[in-house]
Amino acid sequence: MAIPGSGLSRDEVLSQLDAMKAHDVRWRDGRAFTLAYNAGDEVVALAEEAYRRFSTENALNTDAFPSLRRVQADVVGIVGSWLEAGEDGAGFMTTGGTESILMAVKAARERGRAERGVTSPNVVLPTSAHAAFEKGCAYFGLESRRIAVRDDWRADPDAMADAVDENTVLLVGSAPQYPQGVVDPITEIAAIAAERDVNCHVDACMGGVTLTYLARLGHDIPAWNFSVPGVTSISVDLHKFGYTAKGASVIMHRSKRLRSFQTFVTDNWLGGFYGSSGVLGTKSGGAMAAAWAVLHHLGDEGYLRLTAAARRACDQLADAIEATPELRLRARPEATLLSFGASDPDALDVFAVADALWRRGWYLDRQGPPPSLHCTVNAVHDGRIDAFVADLRASIDEVLAARSTGDQGAYGTVE
Ligand SMILES: *Cc1c(COP(=O)(O)O)cnc(C)c1O
């Protein structure tokens with residue numbers, strides 16, 4: 001499609017964009033169990049307004065935009081307090097979980113090189129750790145040593161310890177891990193890292209907000225944050241359970257010294273001194289301002305309420321799946337994610353169930369191995385689980401009657 005010779009009106013372009021959304025998943029109605037989060041129209045509108053006011057402001061240079069230095073310091077300060085980061089904790093805002101994880105991998109590589117002269121670095125991580133670690137290893141030239149998880153889907157610290165050698169620069173645990181929604185034994189993983197004085201990253205992209213507030217609500221949560229000795233960095237996505245606009249995550253390091261391995265500086269060109277904290281150069285202030293706005297608007301009370309709602313819905317869904325003979329819940333959710341497969345995979349194709357659900361307007365992640373469907377349950381789903389479970393039942397019956405099969409699809413796509 002070519003650019004129009006003479007420009008279209010504002011109304012015309014906006015109505016064309018709106019029309020393009022016609023077949024998108026209806027996340028505002030709680031139809032998406034992945035990819036989008038909704039704390040209500042008012043919060044969405046606030047995030048959009050804050051984003052609009054800072055969309056052209058550029059976080060590449062906070063001398064020109066001291067507002068964004070302040071925004072970042074405030075947001076990182078709040079997340080640091082959730083993580084029990086302490087006085088010396090230091091972080092940056094990034095554009096998402098992937099960028100936070102890329103920076104954790106890069107910082108570990110730089111530290112290994114600087115302190116121990118490691119030139120062929122490796123990362124020891126469970127098979128459940130997010131695909132972004134694979135991306136980081138591929139981008140930055142590290143070997144990814146994937147270690148099988150235990151029968152309960154949690155990382156296996158003994159097997160991880162066996163895989164560590166003098167070239168290991170990073171161990172990884174997740175709180176919770178994405179595929180089955182369980183929290184890895186962070187204390188044990190961090191102890192292995194501490195013993196060898198190498199980095200240990202906790203991927204709390206999903207759980208950073210939720211686990212913090214579940215603990216305050218009285219849930220029994222295994223230790224996962226900087227209170228655990230040996231944890232050197234943690235990632236927390238605000239554009240997930242922080243309920244803010246896309247493009248906001250925090251990577252927090254235990255100390256300024258550890259953070260220093262993340263940053264990049266050069267003067268090896270004709271444009272002068274250039275420093276940046278993350279992958280991007282020019283960086284919109286929009287997502288940063290939206291995060292600041294939503295955090296301050298919701299406050300502790302808002303996050304307690306939203307976390308309780310998401311957890312209630314998640315428990316209700318887990319109960320319903322356990323009560324469905326054709327399905328098998330992979331694990332009781334420890335945060336607000338769960339996955340399930342077929343009790344008899346030869347009799348029921350869960351990807352065909354996902355197809356039937358999508359025809360009814362519901363969007364779930366498809367994953368494996370083993371073939372499973374995955375739900376990220378957020379506050380918008382509270383009060384909507386009954387409707388979903390009814391359509392899940394109907395979809396299973398339809399697939400069993402037709403003996404249909406489906407495709408695995410993808411969590412992330414390339415087009
Ligand atoms: C979402 C997620 C990521 C990746 O974050 P993006 O924001 O999609 O880049 C990494 N780890 C976990 C556990 C996640 O849930």
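Why is strand β5 (residues 199–203) largely enclosed by the rest of the structure? In this predicted model, the reason lies in the accessibility of the strand's residues: five of the five residues of β5 are buried, so the strand is largely enclosed. Buried here means under 20% relative accessible area.

**Strand β5 and its partner**

The side chains of β5 are divided between two directions. Asn-199, His-201 and Asp-203 point one way, Cys-200 and Val-202 point the other way, and all of them are buried. Strand β4 (residues 168–174) pairs with β5 in the parallel sense, over five bridges. Within this pairing, Leu-170 stands opposite Asn-199 of β5.

**The ligand**

| Residue | Ligand atom | Distance |
|---|---|---|
| Asp-203 | nitrogen | 2.6 Å |
| His-239 | oxygen | 2.8 Å |
| Lys-240 | oxygen | 3.0 Å |

On its own, the ligand has 380 Å² of accessible area, and the protein covers 87% of this area.

**Helix α11**

Helix α11 (residues 350–359) is likewise described by its buried residues. Seven of its ten residues are buried, so α11 is largely enclosed by the rest of the structure. The buried residues in α11 are Val-350, Phe-351, Ala-352, Val-353, Ala-354, Ala-356 and Leu-357. Their cover includes the strands β11 (337–342), β12 (365–367) and β13 (372–376), together with helix α12 (385–402).

After α11 comes Gly-361, which has a positive phi near 95 degrees.

**Phe-54**

Phe-54 belongs to helix α2 (residues 41–54). Is this residue buried or partly exposed? Phe-54 has a relative accessibility of 23%, and therefore counts as partly exposed. Leaving aside residues up to four places away in sequence, Phe-54 touches Ser-67, Leu-68, Ser-284, Gly-285, Gly-286 and Ala-289. By contrast, Glu-334 lies 280 residues from Phe-54 along the chain, and the C-alpha atoms of these two residues are separated by 36 Å.

Conventions
Residues numbered from 1 in each chain as written. Predicted model: local features only at pLDDT ≥ 70, side-chain atom pairs only at ≥ 80, totals over all residues. Heavy atoms only, no water. Polar contact = N/O pair within 3.5 Å; in protein donor to acceptor, adjacent residues only side chain to side chain. Areas by Shrake-Rupley, 256 points an atom, 1.4 Å probe, with all protein chains shown as cover. Helix = DSSP H or I, 4+ residues; strand = E, 2+ residues; numbered from the N terminus. Buried < 20%, exposed > 50% of the residue type's maximum accessible area, 1.4 Å probe, protein only. Contact = heavy atoms within 4.5 Å. Pairing = 2+ DSSP bridges.
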